[in-house]
Amino acid sequence: MPLPSLAEDFRGWKGARSRRSLERDLTISAEHRPGGYVHLTWGIHDRSPSEEWHFETTTVHAAGEEMRNLAVESQMFLASTVG
């Protein structure tokens, strides 16, 4: 569920779309809600097997152009290198 695919599905989908990193320490879940908004829940988790703590936050974005901008900015951030 890359962010660009969520932007392309601006008309919506049913249920949550979720992904996690191979180490299961990073998660993202997306839900398309009535009114044309996408709720993204971002999670950081303690590594297995302890899983003693986790942090989650939800951001809300308008479907369509706002999601497209978020996808582009996220790709640029992940592709950048620390100088």
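Predicted model: local features only at pLDDT ≥ 70, side-chain atom pairs only at ≥ 80, totals over all residues.
How far apart should the ends of H2 be at 1.5 Å a residue, and what span do its end C-alpha atoms give? The 15 residues of H2 should span 21 Å, and I found its end C-alpha atoms 21 Å apart, which agrees.

**Faces of H2.** I looked up which residues of H2 are buried, and they are Met-67, Leu-70, Ala-71 and Ser-74. Seen down the helix axis, these buried residues fall within an arc of 100°, so they line one face of H2. On the face turned away from the buried side I noted the exposed residues Glu-73, Met-76 and Ala-79. I then asked what covers the buried residues of H2, and the cover includes H1, S3 and S4.

**Nonpolar core.** The largest nonpolar core has 11 residues, among them Leu-3, Trp-13, Ile-28, Val-38 and Met-67. The elements that give two or more residues to this core are H1, S2, S3 and H2.

**Ser-29.** With a relative accessibility of 18%, under the 20% cut-off, Ser-29 counts as buried. I found its side chain joined to that of Ser-18 by a polar contact of 3.3 Å. Beyond its neighbours within four places in sequence, Ser-29 is in contact with residues including Ala-16, Arg-17, His-39 and Thr-41.

**Confidence.** Confidence is lowest in helix H1, at a mean of 75, and highest in strand S4, at 94.

Methods. Residues numbered from 1 in each chain as written. Heavy atoms only, no water. pLDDT = per-residue confidence, 0-100. Helix = DSSP H or I, 4+ residues; strand = E, 2+ residues; numbered from the N terminus. Core = buried A, V, L, I, M, F, W, Y, C linked by side-chain atoms within 4.5 Å. Buried < 20%, exposed > 50% of the residue type's maximum accessible area, 1.4 Å probe, protein only. Expected span 1.5 Å × (residues − 1). Arc of directions from axis to C-beta. Contact = heavy atoms within 4.5 Å. Polar contact = N/O pair within 3.5 Å; in protein donor to acceptor, adjacent residues only side chain to side chain.
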